[in-house]
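Please read them alongside the sequence and the structure.

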Amino acid sequence: MTIYSPGKGWPMIKFDAVHKRFPNGTTAVDNLSLEMPEGGITVLVGSSGCGKTTTLRMINRMVDPTSGTIRVAGRDILEADAAELRRGIGYVIQQSGLFPHRTVLDNIATVPLLLGWGRKKARARASELLETVGLTAGAGRRYPHQLSGGQQQRVGVARALAADPPVLLMDEPFGAVDPVVRTQLQDELLRLQRELSKTIVFVTHDIDEAVRLGDRIAVFRTGGHLVQCAPPAELLARPADGFVADFLGAERGLKLLSLTTLADVPQRRATTVRAGEKPAPQAGWQLVTSAEGRPLGWLDPATAAMSGTGGTAGEAALVPVRPLSDGDSLLSALNESVASPSGLVARVDAEGVLTGVTSREEIHDRAGTAHATATRPASRAADEAPASHAALQRRTA
Amino acid sequence: MTVEWAWISDHASDLATLTVSHLQAALTAVALGLLISLPLAVVAHRIRPLRGLLLGLSNVLFTIPSIAIFVLLLPVTGLTRTTTVVGLTVYTLVVLLRNTVEGLDAVPVKVREAARAMGTRPLRTLLTVELPLALPVIMAGVRIATVMSISLVSVATYIGDGGLGQLFTDGFQRNFPTPVITGVVLTLLLALVADALLVAVQYVLTPWTRKRGA
Amino acid sequence: MYELFSDLGSWLTSGEQWAGPDGIAHRLAEHLQYSLIATLVAAVIALPVGLLIGHTGRGAFLAINLSSFGRALPTVGLVVLVFLASGLSMTPVYVALVALAVPAIVTNTYAGMTAVDADVKDAARGQGMRAHQVLFQVELPLALPLIMTGLRLALIQVVATATIAAYVSFGGLGRYVFDGLAQRDLVQVLGGAVLVAVIAVVLDLVLAGLQRALFRHRHHAAH
């Protein structure tokens, strides 16, 4: 089925009063009405058995609803041929579900071959995609079991993208890999999404993953009820009820800070000393920078006083610094301000050159106001804007 | 091809004797097979190099035709019951050994480690943890071996034994189908009943494998 | 005992014994012919059944219990029964051999199909494969190693059992066993038995090697 674009931001997928009851009597999805905008990532979260996977699987007719309608690009999917519909929708599952008897390249070429592109064209497209998802050409000749878990998951994504479908369904795609690899894959997905602007439906039970990836997050409760669907900032700021608040966890406030950037937090001049130069024997902490002006570390007052007798700043033992740029979140600034011995956060520009410092107090104040602004009552529609603006910035950073 | 019921009722006591003899041969073979294969399986499970050797050897034994095994035993044990039982035992060994090793292999490493961590000695771990957990797979092997033995006893009719198998030779020589049909049906019945009994035994022995609410 | 084995040795190696219509070469060819035909017929019957049950998941009970029934069925009884019903022909032999082979093939084909990772089947459907494409492009290739094992097992059992053809007066290596038994010629009986055992073992090894060579690169990822 060819899926025609409704235009960015318009609903690409629309659930209307959808019910799903399985033959054994359990209700997986209960009266679901939900829209998923084109070009955005909608994350479905909830504990196991909440119907999030069933919801996802109904979009490509792996499961058909008991009642209600689902439209993709305005068309009732029950009127489409299931196999043809699926060829137009990318599908990625946990453990990737790669065909163990086919090479990586042939795995990726699956849908193009089903669509009758011919072997040569399909393989060419598959090689192109290997690169897109960050794999070497050599990986294409291997068999899936010869790759690491993270690489297999990349192949799974490449396979889903092969025929350039406008919609991508991802069912806990990063659930089986370790946290470090998971973060890499999440970054990759956000990078890909900036290039490709697909309509992505993403199922996870990891709320941090949802906040990190989602433009909108739909929280489900056991029994297939949708409790709340909102952008991450709004969800964190104003959870609809106790269930959602519990699900978001005790550090909900801190998660909210991860969505606000440091951009408009003021900074002031720092006391610096060039590496190799003599530090001023003064009382406070000084920031040692390279010749290019990049922060190298903090010099403590005692060492500075001693080196006044002959040593230079470069030789002194420095306390490590983790400089932040405008795109970094308020949460990381808060973290750095706590970790920094001087109570100051070093700020840098895109090239990593020091622009100034911000104090622990300033960051704390700003965190407080950001939190207060975000959690103001929902009647003020205007305060959604800064939050989603920040989310957008985070995404383009 | 009709069954002469009168023949069956006339020979009821003969049939009973044959059935008992048939069952005796099959069950003795399975019992002997278990006696030999259990320790062998433990050895194969514990000592990796021996495992390939033992399993490979038993696989080769399995490819030898049953009639050939009986015949090959003739110079040693002659036309006796021993030949029948020994021949059948060889067959049960293959199934029982393979299943017991597989069953022991399937015991989760964590369970074994937990037993060790709590200070259980190897022999005790084997008897109280590993063998019970391997029991479903071992029992599956016992079922296969039993059904197979019951069916194979009749092959020993060529060497003058064979329990119910003698009915086949008898019917064949006299061109008389009734004993043949009776023999086939009785063999199938014996196998079916033995299998069902073993399922029941397994149900009683392994309460942890039952489905909830069952 | 030693004498017996030395007699057996000379029986197996004398050129005279290998030549002619009663010779080992001819009997061996007959034996293989019976076995291959029976296995082939069994495969034609059993493969579609096993694939269908495995693909649809319906009739699993049949697939599981068929092998048990196949094991319980006394082959000698079956041959005699069909012989008494149909008269002197190869039919009883083939019926018995096919009946022996079918359960092994059905059960292994079914086992191979169900062993295919559910995630892989789900992904195949999710990419937009139709039922027949999932069956032939994904399930069948992945089930092939176990299907081959089933065919191998069936062939070995059939070769071992084809001795029975001689019981109802046909050829094959069973001839030596039954003629020997009738003539109280232990050397001939043993010779026949050894030959059957050897070709069964050799066939098994050859097929196992072939199987390994075919599916060399295809280890399934451990879960």
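1. How far apart do the C-alpha centres of domain 1 of chain A and domain 2 of chain A lie? The separation is 37 Å, where domain 1 spans 11-257 and domain 2 spans 260-397, with bounds that come from an automatic or database domain assignment.

2. A word on conventions: this is a predicted model, in which local features need pLDDT of at least 70 and side-chain atom pairs count only at pLDDT 80 or more, whereas totals for chains, interfaces and linings use all residues. Residues are numbered from 1 along each chain as its sequence is written, chains are lettered from A and ligands numbered from 1 in the order in which they are written, and side-chain values use heavy atoms, with hydrogens and water left out.

3. Between chain B and chain C, 34 residues of chain B are in contact with 36 residues of chain C (contact meaning heavy atoms within 4.5 Å). The area buried there is about 2900 Å², with 83% given by carbon and sulfur atoms; buried area is the accessible area, taken with a 1.4 Å probe, that two parts lose on being put together, summed over both. B:Thr63, B:Tyr158 and B:Phe172 supply 24% of what chain B buries against chain C, more than any other three residues.

4. The interface of chain B and chain C has zero salt bridges (a side-chain nitrogen of Lys or Arg within 4 Å of a carboxyl oxygen of Asp or Glu). Two residue pairs are in polar contact across it, both at pLDDT 80 or more (a pair of N or O atoms within 3.5 Å, where within protein one must be able to donate a hydrogen and the other to accept it, and residues adjacent in sequence count only if both atoms are side-chain atoms).

5. Chain A and chain C meet through 25 residues from chain A and 21 residues from chain C, and they bury about 2100 Å² between them, 55% of it on carbon and sulfur atoms. Three salt bridges are counted here, and A:Asp81 and C:Arg130 meet in a salt bridge through their side chains, at 3.0 Å from N to O. The rule also finds nine residue pairs in polar contact across the interface of chain A and chain C.

6. Within chain C, C:Thr39 is buried at a relative accessible area of 8% (buried meaning under 20%, with a 1.4 Å probe and protein chains only). Leaving aside residues up to four places away in sequence, C:Thr39 touches C:Ile105, C:Leu151, C:Leu155 and C:Val158.

Notes:
Buried means under 20% relative accessible area, exposed over 50%, partly exposed in between (1.4 Å probe, protein chains only).
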